[in-house]
Every structure is written in C-alpha cells, then in structure tokens.
Amino acid sequence: MADPSQLLLPIASRGEPILQQRAQEVADPHDPDIQTLIDAMLATMLAANGIGIAAPQVFVSIRIIIVASRPNPRYPDAPLMEPVAMLNPEILWQSADMVTDWEGCLSVPDARSPVPRAAELRVRYLTRYGETVEANYEGFVARIIQHECDHLDGVLFVERVENESSIVSESVFLKMTAA
Ligand code: K3U
Ligand code: ZN
C-alpha cells in the first residue's frame, strides 16, 4: 500500500492565479491520474482538517470536489457522511431561500465570515466510477457544495460576503461564536 503521506499536496492560498480561474471538465473519470488525484485530495483534506476541498486548491484546474460533512462545534447537527467525490458537479436548481452562516476556507487561512447561501439545491455529478448521480441537499452539506463549486469557477467565499467588515480572524470568530 502507498504511504498516505506521499499523497499530500500543497494547498494554494488566496492570490494564486489558479484560484481565480474556471476549471476544466473531467474528460475521463477512469483515467488513473484522476483516481490518484482524488485519493490525494482526500488525504490532503483530512490532513488539513477540512470538510471539503476542490482540485484548484491543490493546483489542479479540473472540476472535482470532495464533500465531507461532519458534526463540528459550529454545526453540531451537521450530518456525518462518508466523503463524496463529485466530478463535473452542476447545480441544477437552488432555492430562493437563503441562509447566512459562517464559513472558512483552507485557501484563506485565519479568515471567517458569514456568507449567504441557498438553503437547498439539486446537483448532478459523476462519481469517481463514472456513474451519473442527481441528488438534493440542504443545510450544511448544501453550503459545502456551493463553497466548493465556487472554487471551480474561481470564486472565494470572501467574495460572497455582504459586508467586508464581517470578515474576522479565527480567534475573533471563536470568541463571537462561543456559547
Ligand atoms: O471551516 C472549516 C471547518 C473545518 C472543520 C469543521 C468545521 C469547519 C475549515 S475550511 C473547510 O473545510 C472548507 C474547505 C475548503 F477550504 F477546501 F473549501 C469547506 C467549508 C467550510 C465551511 C463552510 C463551507 C465550506
Ligand atoms: Zn474554500
């Protein structure tokens, strides 16, 4: 078995041009390079304590995201799910109903902000095995999907905030959200 530490990839930080570009479609999910990339994205996300990741964040401009909700202090009721790799995800529908809640990003260290997102959505994607899936999501998982799909279109969460002054450091975020 490969050493998992060999799969860790560098994470692009805000300012890298790749984070501002539209990523290309995956042509062939069965390509061994695509399978290796998915495994490396998963290992990198877990090592960074993330709950999602998009390929441009690891310097690959291709349309793959991983969504991996789990309960956490800010979202204790978030569903625990096996990480799902979504290839060429398309948001087919999203609710007009918006919810504003806190987000962070592995590519924007030490920044948190409330971000308005659609409460529900329907997404179509290819699995890593090449099967087409359509599914509805709501709440925190819908938020992660929108955040990660934005990365595929070169958009960071800080560009979605309603008021720049609402962007705060991790330490201020922890104080503001302490019970
Ligand atoms: O905000 C983060 C977090 C981690 C564990 C529990 C709760 C929150 C870390 S940042 C994160 O995981 C991003 C992943 C990124 F940067 F690759 F896109 C995903 C995300 C976090 C919060 C809201 C929406 C999306
Ligand atoms: Zn992000």
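Tutor: Strand 3 and strand 6 pair in the antiparallel sense over 5 bridges, where pairing takes at least two DSSP bridges between the strands. Strands here are DSSP runs of E with at least two residues, helices are runs of H or I with at least four, and both are numbered from the N terminus. One pair to look up is isoleucine 91, whose bridge partner in strand 6 is valine 123. Before going on: this is a predicted model, so local features need pLDDT of at least 70 and side-chain atom pairs count only at pLDDT 80 or more, while totals for chains, interfaces and linings use all residues. Residues are numbered from 1 along each chain as written, chains are lettered from A and ligands numbered from 1 in written order, and side-chain values use heavy atoms, leaving out hydrogens and water.

On one flank, strand 2 (64–67) joins strand 3 antiparallel through 4 bridges, with valine 67 partnered by valine 84 in strand 3. On the other, strand 6 (residues 120–126) runs antiparallel to strand 7, with 7 bridges between them; among these partners are glutamate 120 and, in strand 7, glutamate 138. Put together, you get an open, antiparallel sheet of 5 strands in the order 1-2-3-6-7. Strand 1 (52–54) and strand 7 (132–138) are its edges, each pairing on one side only. On average, neighbouring strands are turned by 40° against each other, direction ignored.

Next, the helices. Helix 1 (residues 32–47) lies across strands 1, 2 and 3, at about 40° to strand 2; axes are lines fitted to C-alpha atoms, for helices over the stretch in contact, with angles from 0 to 180 degrees between N-to-C directions. Helix 2 (residues 139–152) packs on the sheet too, touching strands 1, 2, 3, 6 and 7, and its direction makes about 155° with that of strand 2. Contact here means heavy atoms within 4.5 Å.

Cys105 (SG), His147 (NE2) and His151 (NE2) coordinate the zinc ion (ligand 2) at 2.0 to 2.2 Å; donors are N, O and S atoms within 2.8 Å of the metal (3.2 Å for Na, K and Ca), and water is not among the atoms, so sites may look incomplete. Cysteine 105 sits in the loop between strand 4 (98–103) and strand 5 (113–118) and histidine 147 in helix 2, so the pair ties together parts 42 residues apart in sequence.
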